[in-house]
Amino acid sequence: MGIDPRQIVAGVLTVTMFVMLGDMVKRQHFDSPISHNINHAGSTQSFDENNDLDKNFAANGDGQWKDEDATLRPCWSKSILEEPEEYKGFVTFSLTNGPEFHVSQITDAVIVARYLKATLVVPDIRGSEPGDWRNFGDIYDIEKFVSSLEGVVKVVKTQPAELSSKNLAVLRIPNRVTEDYIANNIEPVFKTKGNVRLATYFPSVNMKKTRVPEPEERNSVGCLAMFGTLELQPEVREVVDSMVDRLKTLSRKSDSEFVAVDLRLDMLEQKGCQGSKKCYGPQEIAMFLKKLGFDKNSAIYLTQSRWDNSLDSIKDFFPKTYTKEGIMPMEKKQKFLGSDSSEYEKVIDFYVCAESDVFVPAISGLFYANVAGKRIGLGKTKIVVPDDSPSGSANIGNYISRYVSKKTHMAYSCYC
């Protein structure tokens, strides 16, 4: 009996469909909730990218990068904001757990203080270990922070002596706090106590634009707080600039690109990275970059703090692969890579990833989401999400973050 050619074609199409379906399932794993991040109060939270790690990109017809987006301009306006005539009480808080959390903590605190017509106290910075404490000005430009909020909220640099546990209520608030939440849960306590201390927790990672547009004033306050208040203090800025410049120079000597990869081995060992594809290891990242055709002379920066033998699998393909210790100026290592320098290291990683030619998030979470927001504001939209499928397309346009390809990131509500 002869074989009907139509049966052959149908069989091929069926196999192809299952291969494509398998690839889609793997990619969706990376978009699923991840529970390796710690909230302000120290409890583990699940983080959901809400499918923002999908791989679609409006590439050129040949699948190559389009020209980098032009730097966008802020859409928010301070001109619509009237400074309250009278300020009542204080709002205090701390920055915790690294720069990807700082951005959100600042935003919530400013929105709360603005709503309550309260004075905002410049926060301190607290690390994950007991006693790991720094002044705001050790990492960020305090003068820039205060001046950027002028006319929006009143800011004082130090906590007033009259504040004490007796007249200060400590409140846990959800990230991206709403006016309704403030009115129902914060304002009544504030009126009773006169002052509040905020501790932001993160029930989920949701950096997507809201479906219903925010009122113009709230949008301006939130956008200004998130994208217009934090700048590195000069010495930290100098270290980041020197590292970025060196990595770009190393790549451009061979006409290639500088790629920053958020890959931390300690995170790969945590429960949130086990069992399903929410994180990618060194070998998988090496094969992914190779599949997409990155030049072997590309400079690769890893957020892993110190070199580990498991990273050799990347260096075998890309000899110019570095961690902080391999690329930081020698005279800065004692201060910024010391045993008590974890906060400096996190901040350096965040800004190097924000300013690289290409960013690859090997780990799902808030670091990826807020680096993406920073890059969108800078016009640096080359954010490539990994895929370990050997049968996947080598077209780089298939792997760009949906935050960019679909413009779902809330940064697009703040920049034009």
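**Disulfides and salt bridges**

A: Start with the disulfide that joins C223 to C414, with an S to S distance of 2.0 Å. A disulfide here is a pair of cysteine sulfur atoms within 2.5 Å. This is a predicted model, where local features need pLDDT of at least 70, side-chain atom pairs count only at pLDDT 80 or more, and totals for chains, interfaces and linings use all residues. Residues are numbered from 1 along each chain as its sequence is written, and side-chain values use heavy atoms, with hydrogens and water left out.

Q: Are C223 and C414 buried or exposed?
A: Both C223 and C414 are buried. Buried means under 20% relative accessible area, exposed means over 50%, and partly exposed is in between (1.4 Å probe, protein chains only).

Q: And what is the handedness of that link?
A: The C223 and C414 link is left-handed, with -75° about the S-S bond.

Q: How many disulfides are there in the whole structure?
A: A search of the whole structure finds two. C75 and C416 form a disulfide as well, with their sulfur atoms 1.7 Å apart. That pair links distant parts of the chain: C75 is in the loop between β2 and β3, C416 is in the segment after α15 (411-414), and they are 341 residues apart.

Q: How accessible are C75 and C416?
A: C75 counts as partly exposed because its relative accessibility is 31%. C416 is partly exposed too, at 43%.

Q: What about C353, buried or exposed?
A: C353 is buried, with a relative accessible area of 0%.

Q: Where is R73, and is it buried or exposed?
A: R73 is in the loop between β2 (44-47) and β3 (90-96). At 54% relative accessibility, R73 counts as exposed.

Q: New topic: salt bridges. How many does the structure hold?
A: The structure holds 14 salt bridges. A salt bridge is a side-chain nitrogen of Lys or Arg within 4 Å of a carboxyl oxygen of Asp or Glu. One of them pairs K335 with E235, at 2.7 Å from N to O. That pair links distant parts of the chain, with K335 in helix α11 (residues 333-336) and E235 in helix α6 (residues 234-252), 100 residues apart.

Q: Which residues are in the network with E235?
A: E235, K332 and K335 are linked in a network of salt bridges. K335 is partly exposed at 36% relative accessible area, and E235 is partly exposed at 25%.

Q: What else pairs up in α6?
A: R237 and D241 meet in a salt bridge, 3.0 Å from N to O. They are four residues apart in helix α6, so about one helical turn separates them. R237 is partly exposed at 24%, and D241 is partly exposed at 32%.

Q: And which residue does D357 meet in a salt bridge?
A: D357 meets R252, at 3.1 Å from N to O. D357 is in the loop between α12 (342-355) and β13 (358-361), while R252 is in helix α6, 105 residues away. D357 counts as buried, at 8% relative accessibility.

Q: What about K407, what is its phi and where is it?
A: Phi of K407 is positive, near 55°. K407 is in the loop between α14 (402-405) and α15. At 46% relative accessibility, K407 counts as partly exposed.

Technical notes. Helices (H or I, at least four residues) and strands (E, at least two) are DSSP runs, numbered from the N terminus.
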